Amino acid sequence: MKQEKIRLLFVCLGNICRSPSAEAIMKKVVKDAGLEHLIEIDSAGILGYHEGELPDSRMRTHGARRGYVLDSRSRPVKTSDFYDFDMLIGMDDRNIDDLKRKAPDLESVAKIHKMTDFLHSKLHDHVPDPYYGGAAGFELVLDLLEDACQGLLDTISSVPDN
């Protein structure tokens with residue numbers, strides 16, 4: 001893995017369910033791998049509607065049952081994020097399209113990825129928004145994110161040194 005710090009930004013619509021879950025899961029995966037000094041992780045939302053709020057209480061509860069701490073505060077994606085982060089990872093096609101519209105240049109567009117592109121064992125084309133659903137939706141999100149976060153770590157760990 002490259003020795004310079006890799007900066008990851010997870011993005012969903014409101015930054016209260018999927019992206020803060022991805023942030024918490026990835027932080028644990030990275031810590032368990034002993035790589036927290038090499039990988040910086042954050043999350044943001046396309047919209048600033050929930051700015052300053054903790055993640056959805058249902059998401060926090062489901063995450064806590066699996067040992068994750070969802071304690072980040074919601075914030076919207078800023079133009080500076082495209083310069084500050086190496087990868088901006090959206091949860092669904094709408095997030096990807098919105099990120100591409102917000103991207104200040106072509107180099108920034110190249111940093112945009114879809115979370116499900118990193119899945120190893122699950123077959124899903126997006127991480128569904130659980131906000132209006134029941135408990136099964138939150139569990140599915142966690143299942144998908146656990147798989148994709150491990151796949152993402154495997155991907156960035158295999159980047160050769162330059």
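**Fold.** I read along the sequence first, and the protein chain follows the pattern β-α-β-α-α-β-α-α-β-α. I then took the totals: six helices and four strands. I keep in mind that this is a predicted model.

**Size.** The C-alpha trace spans about 45 × 35 × 30 Å along its principal axes. I also checked the radius of gyration. A compact globule with 162 residues would have one near 15 Å, and the protein chain has 15 Å, so the two agree.

I asked what share of the chain is buried. Buried residues make up 49% of the 162 residues. The chain exposes about 7900 Å². Carbon and sulfur atoms supply 50% of that area.

**Contacts.** I took contacts between residues at least 6 apart in sequence. Of these, 74% join residues at least 24 apart.

**Charges.** I noted 21 positive and 28 negative side chains. The centres of the two sets lie 4 Å apart.

**Cysteines.** How many disulfides does a search of the whole structure find? It finds zero. C12 is in no disulfide, and the nearest cysteine sulfur, that of C17, is 6.9 Å away. A disulfide needs the two sulfur atoms within 2.5 Å. C12 has 2% relative accessibility, so I count C12 as buried.

Is C149 buried or exposed? C149 is buried, because its relative accessible area is 0%.

How values were computed. Residues are numbered from 1 along each chain as its sequence is written. This is a predicted model: local features need pLDDT of at least 70, side-chain atom pairs count only at pLDDT 80 or more; totals for chains, interfaces and linings use all residues. Side-chain values use heavy atoms; hydrogens and water are left out. Helices (H or I, at least four residues) and strands (E, at least two) are DSSP runs, numbered from the N terminus. The radius of gyration is taken over C-alpha atoms; the globule rule is 2.2 Å times the number of residues to the power 0.38. Buried means under 20% relative accessible area, exposed over 50%, partly exposed in between (1.4 Å probe, protein chains only). Contact means heavy atoms within 4.5 Å. Accessible areas come from the Shrake-Rupley method with a 1.4 Å probe; for residues, only the protein chains shown count as cover. Lys and Arg count as positive and Asp and Glu as negative; His and the chain ends are not counted. The place of a charge is taken as NZ of Lys, CZ of Arg, CG of Asp or CD of Glu.
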